[in-house]
Amino acid sequence: MRESITTEALTGACHCGRVRVHMPSASAGVVACHCSDCQKLHGNFFAMLVAEQTSVQWEGAEHITWYRSSPANERGFCTHCGSRLAKRPVEGSRIMVSAGLFALAPSRAVIKNVWLEHKPTWYQAPRVGAMGPEEFVSLALAHPIESPTAQYGYALRAASGNKSAPGVMALTWITAQDETERERIRAHSRQNVQDFLDEPGFISIVTGFAGLRGFTVTAWQDEASMQRALGQHHAVAMRELFGERFVASVWTSVWAPTRINRMWVRCAVCGALEAVSDDPRACSKCHSAMPERPAFW
Ligand SMILES: [Zn+2]
Ligand SMILES: [Zn+2]
Ligand SMILES: [Zn+2]
């Protein structure tokens, strides 16, 4: 099994063993940072695993000295043996933990080089291995990834259990000016989803961020239920948008279906792909009970 998709913890330690660290094995990386601070502090590049600070536990934290290496970051080292342990932003939720503290599975490879423009010429940057989808997601959460044509991000779905066909769907996007604004948009979004789930006509939302652009696709039984839900916290967020210098750009829209096609569900017994509309129902091929019909969105 690939180590990066399990939920078990990785356990690492400094050279003298006084400091131990536990972090999710799904932590993104290895990421190699070639910046000039890392050159000084590590002697060459800094190989790190990236995770949310809240998901990382330290034992022997009293042996860690945190050194402010730049206005934005501090670095932890073991006061006894000097092992470099981690880098963390002074403001921010992530932490970059030294890959060298862990006995990592052979399947783990460097997945990204950062600050290559500061790399000295005396060594070659490590070759970057192929990234799996899970690594894209965990790295995008921790450390934005971009190519000239693609920005990666993450998405989530929240569903009410309402299985009606959607009467309207809303498509929206909003662009944050920076990462702080992105967090502010996410906070609004969490509150909106709570309001939506309280509205019986709400079907589901798929929402997420790719880079600084957030998007939502929401499905509603009818427009009236959508209007009721948007009258709650969403109205507060809209006032901030128009009353303050909050967000770079935004677009909203509401769509009604021209056609809703049949939904196809696989029979768990004979494997036939069955068109389902009613629920419960039996497979037309083997007459076994079909699984419960999923929601339309
Ligand atoms: Zn130590
Ligand atoms: Zn660096
Ligand atoms: Zn069947």
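Two strands count as paired if DSSP finds at least two bridges between them. That criterion applies here to a predicted model.

**The hairpin**

Strand β16 covers residues 263–266 and strand β17 covers residues 273–276. The two pair in the antiparallel sense, over four bridges. Arg-266 has Leu-273, in β17, as its bridge partner. Six residues sit between the strands of this hairpin. Gly-271 takes a positive phi there, near 85 degrees.

**Domains**

The protein chain is split into three domains, tabulated here.

| Domain | Residues |
|---|---|
| domain 1 | 3–142 |
| domain 2 | 153–255 |
| domain 3 | 261–297 |

Between the C-alpha centres of domain 2 and domain 3 the distance is 31 Å. Contact between these domains involves eight residues of domain 2 and four residues of domain 3. What is the make-up of the side of domain 2 that touches domain 3? Five of its residues are nonpolar, two are polar and one is charged.

**Nonpolar cores**

In soluble globular proteins, nonpolar side chains tend to be buried together. The largest nonpolar core in this model has 28 residues. Which of them touch the most other members? They are Val-31, Met-48, Leu-49, Leu-85 and Val-97. Two or more residues of this core come from each of β2 (20–24), β3 (28–33), β4 (46–52), β7 (73–78), β8 (84–89) and β9 (94–98).

Another core lies apart from the largest one. This other core has 10 residues, including Phe-196, Ile-205, Trp-220 and Ala-229.

Key. Residues numbered from 1 in each chain as written. Chains lettered and ligands numbered in written order. Predicted model: local features only at pLDDT ≥ 70, side-chain atom pairs only at ≥ 80, totals over all residues. Domains from an automatic or database assignment. Contact = placed C-beta atoms within 7 Å. Nonpolar A, V, L, I, M, F, W, Y, C, P; charged D, E, K, R; others polar. Core = buried A, V, L, I, M, F, W, Y, C linked by C-beta atoms within 7 Å. Buried ≥ 20, exposed ≤ 12 C-beta atoms within 10 Å, placed from the backbone.
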